[in-house]
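Me: I'm new to this one, so could you show it to me and then take a few questions?
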Amino acid sequence: MPSFPHPGSVTICEINRDLITAESLSDDVAKDTYGNIIGMVFSPVLLQSDQLVRPPSPDQDPQQVVTTPTKGILQNLQEILNLTPLFRPNYVSLLPEVDLQGVSWHQHKLAVAVISGPNQVTVWDFEDFEGKELCILANESQREVKILEWRPNGGRQLAVACKGGICIWAASFPGTAASIRSGSSSFLGALSRGSGIRYTLVDFLRSHNEEQISALSWSPDGRYLASGSHESSSFTIWDVSQGLGTPIRRGLGGISMLKWSPTGDYFFSAKFDGTFYLWETNTWTSEPWSSTSGFVKGASWDPDGCMILLAFSKSSTLGSIHFASKPPSLDAHLLPVELPEMMSLTNSQGIEKIAWDASGERLALSFKDGGDLYRGLIAIYDVRRTPLISATLIGFIRGPGDDPKPVAFSFHDKFKQGPLLFVCWSSGFCCTYPLIFRSHLLP
């Protein structure tokens, strides 16, 4: 039977297909359940209103940032997503349904970045936390933040999609300041607030016609950055070191999602009109696809880059695209991945967000509505790829606080001891859940 966290309990971790719960969160409970296995404990963080900041004005010292009262993470993220469709394309009303990736793990560090307000990002490092303040990134150019992603193989660099372009932040260490790209605007260089690692705004990639950037994806080597907007049918491939962007256009609908494959051979783009495209990146040719289940609202590649999982806006079944041969071939098949528990057990109205662990062994998803017992939970699946994808429900994660719902979540890609799922809950808590199931890690 799948593990079910009873109301009033909180989930701590997974141990060998069993999701462990407790009456409350504490470092002692975490140490007793998983800390002795992996050698560390991930303390929860409560994002409070006094941790949010206002970016400096043009005539203000950029190193000065001012705290300002605000409403907490759920209301801030709802304000980010619930846009008013005045003087915007029709697709703006669909933007809240897309998984805008409000959380991103660094690939090689235990550092995570979170959209914590309409104009700001919060970063903390579990290896360097020790009770220090969270590091907050804010700048006058960083407005209406929608999505963020750490740069692969680029040290500690973070891309933040916002109104009019993309902010590129880089860590500055004592005695080694991050370098600003030659020719960049003079407003760059504003330092972050916090007593830990400092970050510098090193570049601003300006979008065409000041479009709101709402889709981002780095190439796996970290050289190129793809960006798109719900306001435009084209996306841009940026050579970030040069600050140069090349627009690419297919179809008419606004961009809903962009995903580079882990090997870099393929690229996925989706639109709000229900069409999506598979690209091979050698010659940048593409094959169009269309869906009768609505538009793509979530997508995740498998570790080998030979298949991609898709969630659709009008379906409680996932789709998996399997490539029939090696790159640069675009021959592929779309197959259903049944999740019978989504309807029969939870009584949900469809899938909301998905995240697939980089090992390909764990899948996390949230769902719309659901019955009283299951509302606000995250479902965890054991995934097999032999060769087709099959998913078996392990159980559910319940968050802390009052009536918690998952606002954003993401897996760490390279944690050696197993998948790490980071979740921001509507109650303001941000929690890390180790999913431990490899037999050599267990006592």
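Me: Are Phe272 and Phe295 buried or exposed?
Reply: In this predicted model, local features need pLDDT of at least 70, side-chain atom pairs count only at pLDDT 80 or more, and totals for chains, interfaces and linings use all residues. Residues are numbered from 1 along each chain as its sequence is written, and side-chain values use heavy atoms, leaving out hydrogens and water. Buried means under 20% relative accessible area, exposed over 50% and partly exposed in between, with a 1.4 Å probe and protein chains only. By that scale, Phe272 and Phe295 are both buried.

Me: Which kind of aromatic pair do Phe268 and Phe276 form?
Reply: Rings of Phe, Tyr and Trp (its six-membered ring) pair if their centres lie within 6.5 Å; planes under 30 degrees apart are stacked, over 60 edge-to-face, the rest tilted. The centres of Phe268 and Phe276 are 5.6 Å apart and the planes meet at 40°, so this pair is tilted.

Me: And what kind is the pair of Phe272 and Phe295?
Reply: Their ring centres are 5.2 Å apart. With 65° between the planes, the pair is edge-to-face.

Me: How many residues apart in sequence are the parts that Phe272 and Phe295 tie together?
Reply: Strands here are DSSP runs of E, at least two residues, numbered from the N terminus. Phe272 is in the loop between strand E19 (266-271) and strand E20 (275-280). Phe295 is in the loop between strand E21 (285-290) and strand E22 (296-301), so the parts tied together are 23 residues apart.

Key. Helices (H or I, at least four residues) and strands (E, at least two) are DSSP runs, numbered from the N terminus.
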